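Come along while I look things up one by one.

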Amino acid sequence: MTKEKKIDLNLLRLRHINGGITAPLGFMASGIHCGIKISGLDLALIYSNTPAIAAAMFTTNKIKAAPIIVSQKHIKKGDIRAIIINSGNANACTGKKGLKDAEKMCEATANLLKIKKEQVLVASTGVIGVPLPIDKIIQGIEKFETRLSSTGSQLAANAIMTTDQKIKETSVIMRLGAKSVKIGGIAKGSGMINPNMATMLAFLTTDVNISLPMLKSALKESVDETFNKITIDGDRSTNDMVAIIASKKAQNYIIDKKNNDYEMFVYALKKVCKDLAYMIVADGEGVKKVIKIEVENGKTDKECELVARTIANSLLVKTAIAGADPNWGRILAAIGYSGAKFEPKKLQINIQGILVYNNEEPTNYEEPKLIEALQKDYIKIKINLGLKNNTSAVILTSDLTEDYVKINSRYRT
């Protein structure tokens, strides 16, 4: 885990900028409509116009979509220059045809950009079990010859959306020595988010000069503490993927070991990932409220996370928050069946800054005040497991509303 106390924020000079994935030097992107969806953008391309390196992490679901299998093969050497992404169809559980179609997407992109097909990653999102309209996609890829742009991030972010209501895009600039370094990102994800490596689809770019081993390490650190700490509905997708491409054009001294420059880069990369992770939760299917669950003083950090994730995935807790119902008993029950160790006599539950449970009994809190506090769109739940081991974990989740049921019961109809 990166120790943030090592970071001199005055030297880092981190701030947000416009541009998304095309903010870093050397990147172009765009999004188009190729006909997978009835209307709206449905095909995106991200491209480094100079040699680059890349790292990626993929779903841990044992059922993996065809683009995941192909991208896992292509990423092995880290020599990646482009990512082609379609929405509206997951190309998952589609057999040999699905694998061939994913390869065809890479090949068509490579031919357009005059690079090797192994330098292309492919990603898909949408309905499972339906063959891709590959001819439409190939024709669509050809359109990028005149559509790629150094200002095309928003179009790409729009094209990867499915049930998302909002574009998810962010970018930052930082200082490494005398050089400016930029990091950008886009993401999509509304439901089926309970990752153990990434979350739905997230794509990052940077112009930092960094070695491949350090890029891989930085990505893993950032993903573990951001995308891996969110959940909406407890389901894990067949298509989850997060990838980062580094053009190395910032001309900073190369980061080839875990020194101070590495720590500063990771700090900034985590910021981008945190931004996108929050956007994903806030734009979850039917979501009205974002819930931050903090658990401390468990046996280990992992046991704290187990409790936080159990609460986060409890349908009873999520629906109570949706209705501003101060039913803290549901939280207590989730702690009890989580499997984690805790000290019952020291267990505390705090909701929106109000201590509601302590020393094995409810506190003398004012329920009307708690109900009022639960009307807000950002809810904080803090749990003290009472073991005094200086351990902690944080999970972001969302409430569960009637709209979630409506969206997912009509996803294909």
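Below are my entries, from the whole chain down to single residues.

**Ground rules**

I am reading a predicted model, in which local features need pLDDT of at least 70, side-chain atom pairs count only at pLDDT 80 or more, and totals for chains, interfaces and linings use all residues. Residues are numbered from 1 along each chain as its sequence is written, and side-chain values use heavy atoms, with hydrogens and water left out.

**Confidence**

I looked up the pLDDT, the predictor's confidence in each residue, from 0 to 100. The protein chain averages 90, and 91% of the residues score at least 70. Over residues 191-199 I found values below 50, although this stretch has 54 contacts in the model beyond near neighbours in sequence. A contact here means heavy atoms within 4.5 Å. Where pLDDT is low, the predicted coordinates should not be read in detail.

**The whole chain**

I counted 12 helices and 16 strands in the protein chain. Both are DSSP runs numbered from the N terminus: helices are H or I with at least four residues, strands are E with at least two. The C-alpha trace spans about 70 × 55 × 35 Å along its principal axes. Next I checked burial, where buried means under 20% relative accessible area, exposed over 50%, and partly exposed in between (1.4 Å probe, protein chains only). Of the 413 residues, 56% are buried. Among contacts between residues at least 6 apart in sequence, 81% join residues at least 24 apart.

In which order do the strands of the open sheet lie? I read 14-13-12-15-11-16, with mixed pairing. Strand 14 (361-362) and strand 16 (392-398) are at the edges with a single partner strand each, so one side of each has no neighbour in the sheet. Two strands pair if DSSP finds at least two bridges between them. Strand 11 (residues 290-296) and strand 15 (residues 378-384) run parallel and are joined by seven bridges. Glu294, for one, has Lys382 in strand 15 as its bridge partner.

**Around strand 8**

Strand 8 (residues 179-188) is mostly covered, with seven of its 10 residues buried. Nine bridges tie strand 8 to strand 7 (residues 168-176) in an antiparallel pair, and Leu176 stands opposite Lys179. Their hairpin has two residues between the strands, and Gly177 takes a positive phi near 65° there. Strand 8 also runs antiparallel to strand 9 (residues 201-206), through six bridges. In that pairing Gly184 has Thr205 as its partner.

**Cysteines**

How many disulfides are there? I found zero, taking a disulfide as a pair of cysteine sulfur atoms within 2.5 Å. The sulfur of Cys34 has its closest cysteine sulfur 15 Å away, in Cys106, which is too far for a bond. Cys34 is buried at 11% relative accessible area, and Cys106 is buried at 0%.
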